[in-house]
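Subject: Structure for you

Hello,

Here is the structure I promised to pass on. Please open it alongside these notes.

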There are 2 protein chains.
Amino acid sequence: MSRTIKVLLAEDQSMVREALAALLGLEEDIEVVAQVARGDEVLGAAREHAVDVALLDIEMPGATGIEAAARLHADLPHIKLVILTTFGRPGYLRSAMESGADAFLVKDAPAAQLAEAIRKVLTGERVIDPTLAAAALAEGANPLTEREREVLRAAADGSTNAELSKTLHLSQGTVRNYLSTAIQKLAVRNRAEAVRAAREKGWL
Amino acid sequence: MSRTIKVLLAEDQSMVREALAALLGLEEDIEVVAQVARGDEVLGAAREHAVDVALLDIEMPGATGIEAAARLHADLPHIKLVILTTFGRPGYLRSAMESGADAFLVKDAPAAQLAEAIRKVLTGERVIDPTLAAAALAEGANPLTEREREVLRAAADGSTNAELSKTLHLSQGTVRNYLSTAIQKLAVRNRAEAVRAAREKGWL
DNA sequence: CGAGCGGCATGACATCTGTCACGCGCCACT
DNA sequence: AGTGGCGCGTGACAGATGTCATGCCGCTCG
């Protein structure tokens with residue numbers, strides 16, 4: 001079979017998106033058949049275009065690439081999923097895999113790996129940076145409960161306890177308790193460090 | 001004159017860098033003659049390669065694209081400078097212009113603008129997003145003193161006052177005073193918000 | 001069914017943070 | 001020579017934050 005590989009490209013920064021399209025355009029056997037700039041446009045575009053592989057950025061408006069991957073995996077399971085991201089956060093890798101991703105690439109890997117990964121996933125192979133995989137396994141699963149994550153996310157912009165208690169409909173004491181347990185689980189010493197730590201791990 | 005335009009490309013994420021090179025490679029009159037991944041490699045590469053235009057990302061290890069622009073502007077003033085960045089922060093635009101940049105593009109602008117900007121700067125034209133320019137003028141200059149910026153930068157990762165006082169060789173009271181004035185100048189209510197606000201403006 | 005966990009809450013306590021008033025020295029500008 | 005901005009510091013105070021003990025409810029798992 002030497003049909004061309006049909007790729008859907010999802011990435012919010014147009015310049016990067018079109019540059020990636022140009023890059024893939026150089027490959028004889030690859031054709032970019034659709035481009036979208038938002039996570040919530042992925043599924044629709046995939047339905048319209050007979051796509052073999054979806055190349056998804058994580059950080060996108062509308063829905064993250066990981067959420068988009070989960071939906072594609074559920075609705076159009078024959079499409080192979082390649083996650084492409086700026087941040088090699090172990091937690092991202094973990095959740096990408098749980099969402100059915102076939103490959104996980106970071107943007108500072110050599111460009112040649114992109115086309116290579118696209119070809120490999122079509123043969124059923126999985127493509128993951130071994131260093132990242134090791135990191136993801138080493139750090140273990142996300143220890144934070146759903147509520148703790150929620151509070152951390154809400155606290156990320158510098159809101160005070162009083163504001164958090166209003167937006168989350170909790171008492172101030174409860175907010176402080178959640179933050180306190182999160183701080184302990186992450187082995188840091190205040191909410192700001194907790195937010196940073198959780199972000200870096202991809203646990204936010 | 002129909003010599004090809006020789007471009008130096010500085011961007012730390014290889015996949016993006018090579019994709020941009022592919023994109024520019026599609027243009028008949030443009031040739032990417034050098035690629036670097038760090039800000040501190042820009043000057044050396046520019047010296048070796050007879051470059052017409054330097055295309056510089058801001059966020060890079062070694063030195064920011066803005067610092068690299070300043071050095072190029074001082075040492076090789078005939079080279080035109082195009083800043084390309086993810087973040088359309090008004091403060092970035094301002095300091096880019098002060099460093100001698102000829103064009104300022106954000107990565108979510110259409111890809112076509114890139115080649116266009118490269119051609120325009122060579123005719124002596126300046127290329128700036130009008131919306132961004134307006135924002136930069138509207139917000140005024142950075143109100144923070146050098147020390148306030150220093151303390152904010154150091155506080156950005158969630159360090160406590162005690163830690164800040166050690167790393168900055170100041171008393172705890174002084175650290176708090178600087179943070180307090182920064183918080184007031186930025187019209188926010190705590191250090192975390194101050195860090196966010198300063199980042200968003202490009203004042204960090 | 002009992003144990004344990006997660007969600008939610010309270011109250012008390014120690015510490016951290018942000019503000020304010022004030023002082024000193026240095027430098028630049030008028 | 002005086003004024004004002006900035007760097008740096010102190011001390012005092014109010015309010016925010018983090019910790020701990022403790023309790024209740026509902027769910028799940030052995």
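In this predicted model, strands β3 (residues 53-57) and β4 of chain A run parallel, joined by five bridges. Strands count as paired if DSSP finds at least two bridges between them. Helices (H or I, at least four residues) and strands (E, at least two) are DSSP runs, numbered from the N terminus. Leu56(A) has Ile83(A) in β4(A) as its bridge partner.

β4(A), residues 80-85, also pairs with β5(A). That pairing is parallel too and has four bridges. Here Leu84(A) stands opposite Leu105(A) of β5(A). The whole sheet is open and parallel, with six strands in the order β2-β1-β3-β4-β5-β6 of chain A. Its edges are β2 (30-36) and β6 (127-128), each pairing on one side only.

β5(A) covers residues 103-106. Ala103(A) and Leu105(A) point one way, Phe104(A) and Val106(A) the other, and all are buried. Buried means under 20% relative accessible area, exposed over 50%, partly exposed in between (1.4 Å probe, protein chains only).

On conventions: residues are numbered from 1 along each chain as its sequence is written, and chains are lettered from A and ligands numbered from 1 in the order in which they are written. Local features need pLDDT of at least 70, side-chain atom pairs count only at pLDDT 80 or more, and totals for chains, interfaces and linings use all residues, while side-chain values use heavy atoms, with hydrogens and water left out.

Next, the two copies. Chain A can be laid on chain B with an RMSD of 0.1 Å, by a turn of 180° and a shift of 0.1 Å along the axis. The copies are thus related as by a two-fold rotation axis. In chain A, the C-alpha nearest that axis belongs to Ala19(A), at 2.4 Å. The superposition is by least squares on the C-alpha atoms of residues with pLDDT of at least 70 in both copies. Of the interface residues of chain A, 97% are also interface residues in chain B, so the copies meet through the same surface.

Then α10. In chain B, its buried residues are Glu193(B), Ala194(B), Val195(B), Ala197(B) and Ala198(B). They pack against α8 (161-168) of chain A, together with α7 (146-155) and α9 of chain B. Contact means heavy atoms within 4.5 Å. At the start of α10(B), a side-chain oxygen of Asn190(B) reaches to within 3.1 Å of the backbone nitrogen of Ala192(B). Gly202(B) follows the helix, with a positive phi near 85°.

In chain A, Glu200(A) sits in α10 (residues 191-201). Beyond its neighbours within four places in sequence, Glu200(A) contacts Arg89(A) and Pro90(A).

Sugar and phosphate make up 63% of the atoms of DNA strand D that come within 4 Å of the protein.

A polar backbone atom of Asn161(A) is 2.9 Å from a phosphate oxygen of DNA strand D. An N or O atom in the side chain of Asn177(A) is 3.0 Å from a base nitrogen of DNA strand D. For the side chain of Arg176(B), the corresponding distance to a base nitrogen is 3.5 Å. α9(B) gives the largest share of the surface near DNA strand D, five residues.

Best wishes

Terms used: Near = heavy atom within 4 Å. Polar contact = N/O pair within 3.5 Å; in protein donor to acceptor, adjacent residues only side chain to side chain.
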